[in-house]
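Please keep the sequence and the model in view while reading.

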Amino acid sequence: MVVTDRYDVVVIGAGIVGLATARAVAERLPDADLAVIDKEPAVATHQTGHNSGVLHTGIYYTPGSLRAKLCVQGHRAMAEFCGEAGLPFRGGGKVVVATGEAQIPRLDELQRRGTLNGVQGLRRLGPGELRELEPHANGVAALAVPEAASVDFAAVARHIAAELPGDLRIGAPLEAAELGEHVRLHAGGTACEARLVINCAGLHCDRVARLAGVTPDVRIIPFRGEYYRLRDEAASLVRSLIYPVPDPTFPFLGVHFTRRVDGTVEVGPNAVLALGREHYRDGRPNLADIAEMLRFGGFWRLVGRHWRAGSAELWRSRIRRAYARSARALVPEVTGADLLPGGAGVRAQAVGADGRLLDDFCLQESPGFVHVLNAPSPAATASLAVGEHIADLVVRRLDS
Ligand SMILES: Cc1cc2nc3c(=O)[nH]c(=O)nc-3n(C[C@H](O)[C@H](O)[C@H](O)COP(=O)(O)OP(=O)(O)OC[C@H]3O[C@@H](n4cnc5c(N)ncnc54)[C@H](O)[C@@H]3O)c2cc1C
């Protein structure tokens with residue numbers, strides 16, 4: 001195939017992480033030739049366009065981890081970016097609600113982590129103070145997180161793409177990569193070359209790594225998050241964001257209430273094993289994806305560790321009453337009839353061969369490539385800081 005274009009840097013994936021990375025590289029290396037390639041006909045088609053839209057603050061993540069550092073930096077950068085670009089932003093903060101005394105030590109731990117991570121304005125609330133902020137929430141104690149907000153990450157991604165000083169090659173799935181002095185990429189029936197390729201392929205990042213000749217230690221296991229929407233008559237039960245105290249053995253935050261930038265209130269997401277990497281609510285199971293998952297030893301170890309929680313999630317996914325029960329633990333006035341079906345997103349969760357769900361963001365370098373192998377929540381919040389972090393690697397690699 002004839003190579004028509006040569007670039008300094010090519011990013012695979014026009015989600016928010018890939019686009020933020022391309023933006024940061026363009027700022028650091030204004031003379032570099034740059035392209036972003038995506039298999040879909042539009043940007044932000046997968047995780048970036050199917051999430052809760054919450055600008056996280058950094059209370060959940062292990063102090064000193066990349067996730068904690070880049071979340072805190074990225075939160076501030078994203079709030080500023082939305083302000084300057086005139087993109088939707090809804091402040092109002094959130095409350096993390098302990099519904100029983102047994103959860104209080106975990107609430108203490110969130111406050112400790114948040115403080116160490118540099119999150120501003122954290123405040124402990126008793127039941128009365130909780131009701132002043134969220135009159136319909138029920139809890140024995142809560143943590144107020146005033147910096148949490150709602151944004152529209154897909155709008156952010158589209159804005160970055162529109163301003164990107166480089167080529168956006170959409171509708172072009174990467175099919176092959178040949179390593180040489182430069183990397184030759186075959187995507188969507190065309191070929192181009194790059195000095196360095198950044199793999200930000202989200203749900204397919206481990207597959208793109210394999211195209212680059214790398215056998216990653218981790219595999220992507222897809223977890224679907226399903227949402228309901230509160231019907232308009234019930235939306236006033238929630239002012240801003242109401243979260244449960246998360247289960248520390250799971251990297252997901254638990255079913256919560258989110259007032260989105262458009263004013264609607266979403267309930268969710270849960271976390272069920274998806275029958276395919278792009279198996280959205282009504283999608284057909286992808287047999288090839290399922291077969292690949294079943295061949296991975298880490299999958300069986302994951303099932304061994306979490307089958308009980310996994311079964312409960314499946315039950316909650318199938319039975320609306322069970323979903324409503326989780327919601328009612330936080331806001332008792334919510335009924336099953338208040339929950340209208342909503343959308344769904346699929347999380348790209350990296351799992352190790354030992355069956356552990358990777359907690360931190362994970363980057364790996366290989367000849368001609370930098371791979372982003374785990375960028376789960378809060379990677380959308382952190383994306384501008386993740387982009388800066390990767391741009392540092394790019395500058396070093398291109399200089400060496
Ligand atoms: C249900 C849910 C709720 C979430 N809630 C939040 C939240 O409230 N706050 C937050 O900060 N984060 C949240 N997240 C996480 C956040 O959405 C992701 O961390 C973030 O969007 C990851 O961005 P990405 O660019 O890495 O991936 P993606 O947006 O998935 O982008 C990857 C891109 O790569 C492309 N691609 C894949 N394979 C190829 C190939 N072979 N060739 C070319 N292109 C390819 C895809 O088409 C896709 O566009 C949530 C995620 C989910 C699923």
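## Arg301 in helix H8

When neighbours within four places in sequence are left aside, Arg301 is in contact with Asp354 and Gly355. The model discussed here is a predicted one, and in this model Arg301 is found in helix H8, which covers residues 297–318. Because Arg301 has 16 C-beta neighbours inside 10 Å, it counts as partly exposed. Arg301 and Val43 are 258 residues apart in sequence, and their C-alpha atoms are 35 Å apart in space.

## Domains

The domain assignment divides the protein into domain 1 (1–89 + 150–217 + 360–400), domain 2 (94–146) and domain 3 (220–238 + 248–352). Between domain 2 and domain 3, the C-alpha centres lie 23 Å apart, and six residues of domain 2 are in contact with seven residues of domain 3. On the side of domain 2 that touches domain 3, the residues by class are two nonpolar, three polar and one charged.

Helix H1 has 13 residues, and the distance from its first C-alpha to its last is 18 Å, close to the 18 Å expected at 1.5 Å a residue. Because 11 of the 13 residues of H1 are buried, this helix is largely enclosed by the rest of the structure. The buried residues of H1 are Ile16, Val17, Gly18, Leu19, Ala20, Thr21, Ala22, Arg23, Ala24, Val25 and Ala26.

Ala391 is found in helix H10, and, not counting residues up to four places away in sequence, Ala391 touches Thr21, Ala24, Val25 and Arg28. With 22 C-beta neighbours inside 10 Å, Ala391 counts as buried, because the cut-off for a buried residue is 20 or more. The C-alpha atoms of Ala391 and Asp108 are separated by 36 Å, and these two residues are 283 residues apart along the chain.

## Helix H3 and its buried side

Helix H3 (residues 104–117) has 14 residues and reaches 20 Å from its first C-alpha to its last, which is close to the 20 Å expected at 1.5 Å a residue. Which residues of H3 are buried? In H3, the buried residues are Leu107, Leu110, Gly114 and Asn117. These four cover an arc of only 95° around the axis, which puts them on the same side of H3. In general, an α-helix has 3.6 residues a turn, so residues three or four places apart point the same way.

The buried residues of H3 are covered by elements that include helix H2 (66–85), strand E5 (94–98) and strand E7 (141–145). After H3 comes Gly118, whose phi is positive, near 90°.

Definitions and conventions. Residues numbered from 1 in each chain as written. Predicted model: local features only at pLDDT ≥ 70, side-chain atom pairs only at ≥ 80, totals over all residues. Helix = DSSP H or I, 4+ residues; strand = E, 2+ residues; numbered from the N terminus. Expected span 1.5 Å × (residues − 1). Buried ≥ 20, exposed ≤ 12 C-beta atoms within 10 Å, placed from the backbone. Arc of directions from axis to C-beta. Contact = placed C-beta atoms within 7 Å. Domains from an automatic or database assignment. Nonpolar A, V, L, I, M, F, W, Y, C, P; charged D, E, K, R; others polar.
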